[in-house]
Amino acid sequence: MEIFSLTGKRALVTGSSRGLGLEMARALASAGAHVVLNGRYEDTLRAGVAEIEAAGGSASISVFDVSDEAAALGAMDQMAADFGGIDILINNAGIVHRAELKEFTTEDYARVVHTNLTSCFYMARHAAGYMTGQKFGRIINIASVLSVLGRPTVPAYISAKAGLAGLTRGLAVELGPDGVTCNAIAPGYFATELNAALVEDPEFNQFVCDRTPLGRWGDPAELGGAAVFLASPAGAYVNGHLLVIDGGMTVKL
Ligand SMILES: NC(=O)c1ccc[n+]([C@@H]2O[C@H](COP(=O)([O-])OP(=O)(O)OC[C@H]3O[C@@H](n4cnc5c(N)ncnc54)[C@H](OP(=O)(O)O)[C@@H]3O)[C@@H](O)[C@H]2O)c1
């Protein structure tokens, strides 16, 4: 057993057409897993598969919107039928809506919480059906430093990410007896499309660099190793953990 090997494992990474999801998918594939890429648009997913295959990895696509429960669960059943099971689920797809509180509508709040939290609940519940049957599974939820910190203008995102940290603990406790671990990764500020408006804002850019002991934004590729660790034999006894990857931002006073 190689300690970081994922050979023979079948992984689904939601929201992996770009950004952190694509980097984690790349990392899982380079460790030997077959990775199913997910997003809402076939073209971008096919480009991701081509990149992974060009690097010697194995990948396929599953086009669905995580906020559509029937479509998401159906796609997982299809994956299990195609590959004989599901070993690793990374709940990564996520959106952000920014507005001052007085302009933040209840509809926008519900939309963000549904996509960023509720979908993780039903995806994990469904994956657990396969994982507990095979007495092995790894569920990794992509939380945020906003699971434990606060900022103005993103109340729905904060609610969802704090909830996701709680959901992670609940699943870890309930599924552990069946050989399934559930952990969360809490990224700090990574330069992806989700944060494009912030990266382009010189004031915010300066804030991130000043606030982060490493003095810079995270590179999305710097998240891949953590995903491999939590999914691999190296992480077998890690359960219910929130792994913060933020260049030291949250430990700085
Ligand atoms: N970047 C950061 O600094 C940071 C920090 C903390 C946490 N996070 C979390 O990390 C995750 C990924 O963020 P990112 O920065 O990589 O974002 P991103 O660059 O905007 O990518 C988001 C991904 O999610 C997919 N997606 C969005 N809505 C979807 C839906 N309803 N169904 C299926 N796929 C959907 C997008 O694919 P399509 O548009 O092609 O469908 C895309 O692949 C999110 O959960 C985010 O909250 C990010």
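These legends walk through several views of one predicted model. Local features here need pLDDT of at least 70, side-chain atom pairs count only at pLDDT 80 or more, and totals for chains, interfaces and linings use all residues. Residues are numbered from 1 along each chain as its sequence is written.

**View 1. The whole chain.** Let's start with the parts: the chain has 8 helices and 7 strands (DSSP runs, numbered from the N terminus: helices are H or I with at least four residues, strands are E with at least two). Along its principal axes, the C-alpha trace spans about 50 × 40 × 35 Å.

**View 2. The largest nonpolar core.** This core has 68 residues; such a core is a set of buried Ala, Val, Leu, Ile, Met, Phe, Trp, Tyr and Cys residues joined through C-beta atoms within 7 Å. Buried means that 20 or more other C-beta atoms lie within 10 Å of a residue's own, with C-beta atoms placed from the backbone. Helix 4 (residues 106–134) provides the largest share of the core, 9 residues.

**View 3. Val35 and its partners.** Val35 is one of the core residues that touch the most other members. Leaving aside neighbours within four places in sequence, Val35 is in contact with Ala11, Val13, Ala25, Leu28, Ala29, Ile52 and Ala59 (contact: C-beta atoms, placed from the backbone, within 7 Å).

Notes
A residue is buried if 20 or more other C-beta atoms lie within 10 Å of its own, exposed if 12 or fewer, and partly exposed in between; C-beta atoms are placed from the backbone. Two residues are in contact if their C-beta atoms, placed from the backbone, lie within 7 Å.
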